[in-house]
Amino acid sequence: MPILIILLAGVLLAQNPSNAAPLPASTARRLRDVRTVYVESFGLGQGADLIRATVITNLVKSGRLEVVMSPEKADAILLGAGQLSEEYREGRTRDHANTAVRLISTVSQKILWADEASDAVVTLR
C-alpha cells in the first residue's frame with residue numbers, strides 16, 4: 001500500500017504547486033488544474049475501506065489538495081479498487097495489498113491519471 005500512496009501523492013502533488021492560483025470549483029481539465037478531490041469507494045474487497053482511508057489521510061496531510069466529502073464539490077474523482085489479503089506458508093505470513101486507481105475530471109469526464117500498485121510484507125508469526 002505505501003507504493004500506491006507514494007505514486008498517487010507524487011503525481012498529484014507534483015502537478016499542484018502550493019503557490020498556484022486557485023481555480024473555481026470544477027474547472028479541472030488537466031491534472032495540474034486539480035485542486036479538490038473526492039475519493040470514491042475502493043470497492044468491497046477485504047481492506048478496501050482501510051486503503052481508501054489511508055489514501056484520504058495522506059492527501060489531507062500533504063496540504064496540497066483539498067479532499068471534499070461530495071463529488072459535486074470536486075475538480076476530480078479518485079476511483080479505485082483495492083484489497084488486502086494474507087497468505088500463511090512455512091511459518092511466515094505474507095500480507096498483500098493490491099490497488100488500481102483512476103483520477104477522473106468532473107468537467108471533461110476524462111481520465112487524468114491512472115496507475116496500479118501492489119505491495120507485500122513478510123512477517124514471522
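Below is a short chat about this structure.

Me: Before we start, what kind of model is this, and how are residues numbered?
Reply: It's a predicted model, where local features need pLDDT of at least 70 and side-chain atom pairs count only at pLDDT 80 or more, while totals for chains, interfaces and linings use all residues. Residues are numbered from 1 along each chain as its sequence is written, and side-chain values use heavy atoms, with hydrogens and water left out.

Me: OK, the core. Which residues of the largest nonpolar core touch the most other members?
Reply: Val 34, Val 37, Val 39, Phe 42, Leu 59, Leu 78 and Leu 103, out of 18 residues. A nonpolar core here is a set of buried Ala, Val, Leu, Ile, Met, Phe, Trp, Tyr and Cys residues joined through side-chain atoms within 4.5 Å. Buried is under 20% relative accessible area, exposed is over 50%, and partly exposed is in between (1.4 Å probe, protein chains only).

Me: Which elements give two or more residues to that core?
Reply: Strand E1 (36–39), helix H2 (48–62), and strands E3 (76–89), E4 (92–105) and E5 (111–124). H2 gives the most, with 4 residues. Helices (H or I, at least four residues) and strands (E, at least two) are DSSP runs numbered from the N terminus.

Me: And what is Val 37 in contact with?
Reply: Leaving aside neighbours within four places in sequence, Val 37 contacts Leu 65, Glu 66, Val 67, Val 68, Ala 74, Ala 76, Leu 78 and Leu 103. Contact means heavy atoms within 4.5 Å.

Me: Switching topic: how many salt bridges are there in the whole structure?
Reply: The search finds 2, taking a salt bridge as a side-chain nitrogen of Lys or Arg within 4 Å of a carboxyl oxygen of Asp or Glu. Arg 30 pairs with Asp 33, closest N and O atoms 3.2 Å apart, and Glu 87 pairs with Arg 89 at 2.3 Å.

Me: Is Asp 33 buried or exposed?
Reply: Asp 33 is buried, at 11% relative accessibility, whereas Arg 30 is partly exposed at 43%. In the other pair, Glu 87 is partly exposed at 28% and Arg 89 is exposed at 53%.

Me: Last one: where is Glu 90, and what is its phi?
Reply: Glu 90 is in the loop between E3 and E4, with a positive phi near 50 degrees. Most residues other than glycine have a negative phi. Gln 109, in the loop between E4 and E5, also has a positive phi, about 65 degrees.
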